[in-house]
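The following exercises concern a single structure. Please work through each task before reading its solution.

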Amino acid sequence: MASDPVLADIVDHGLRHHYVAGTRSSYQTATRDFVSFCKLRSLVPWPVHQATFCGWLHVSARRIKISSLAMYMAGVRDSSI
């Protein structure tokens, strides 16, 4: 896409704005939580390493409702893209 900056901007906008505001807020919360987890442990958040992600899920499951974990996982996945 580097050869077509206009198309790159259109694709970037679509990737960033394809969900509703409430979902965007939840995804941002999840991303902040994941990045904080990594910083606290001197881990590099991106690209997401499987062991880091699983460790974050394990710690998160102790304080986040299990029903919310899927949204958190989706938020980190979305941010990593």
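A salt bridge is a side-chain nitrogen of Lys or Arg within 4 Å of a carboxyl oxygen of Asp or Glu. The model is predicted: local features need pLDDT of at least 70 and side-chain atom pairs pLDDT 80 or more, whereas totals for chains, interfaces and linings use all residues. Residues are numbered from 1 along each chain as its sequence is written, and side-chain values use heavy atoms, without hydrogens and water.

**Exercise 1.** Determine how many salt bridges a search of the whole structure finds.

Solution. The search finds one salt bridge. In this pair, R63 meets D33, and the closest N and O atoms are 2.7 Å apart. R63 lies in the loop between helix 3 (50–60) and helix 4, while D33 belongs to helix 2, so the pair ties together parts that are 30 residues apart in sequence. Helices here are DSSP runs (H or I, at least four residues), numbered from the N terminus. D33 has a relative accessible area of 17% and is buried (buried means under 20%, exposed over 50%, partly exposed in between, with a 1.4 Å probe and protein chains only).

**Exercise 2.** Describe how helix 2 and helix 4 cross.

Solution. Two packed helices are described by the angle between their axes and the distance between the axes. Axes are lines fitted to C-alpha atoms, for helices over the stretch in contact, with angles from 0 to 180 degrees between N-to-C directions. For helix 2 (residues 21–40) and helix 4 (residues 66–80), the axes come within 8 Å and cross at roughly 80°. Helix 2 is therefore roughly perpendicular to helix 4 (under 35 degrees counts as roughly parallel, over 145 as roughly antiparallel, 65 to 115 as roughly perpendicular, the rest as oblique). Contact means heavy atoms within 4.5 Å; among the residues that meet are Y27 and F34 in helix 2 and M71 and V76 in helix 4.

**Exercise 3.** State how helix 3 and helix 4 are oriented to each other.

Solution. Helix 3 and helix 4 pack at about 150°, with axes 11 Å apart. The two helices are therefore roughly antiparallel. F53, W56, L57 and S60 of helix 3 make the contact with L69, Y72, M73 and V76 of helix 4.

**Exercise 4.** Identify which residues a cis peptide bond joins.

Solution. Most residues other than glycine have a negative phi, and most peptide bonds are trans. The cis bond joins W46 and P47, with omega about -10°. P47 is placed in the loop between helix 2 and helix 3. S42 also lies in the loop between helix 2 and helix 3. S42 is not a glycine, yet has a positive phi of about 55°. At 69% relative accessibility, S42 is exposed.
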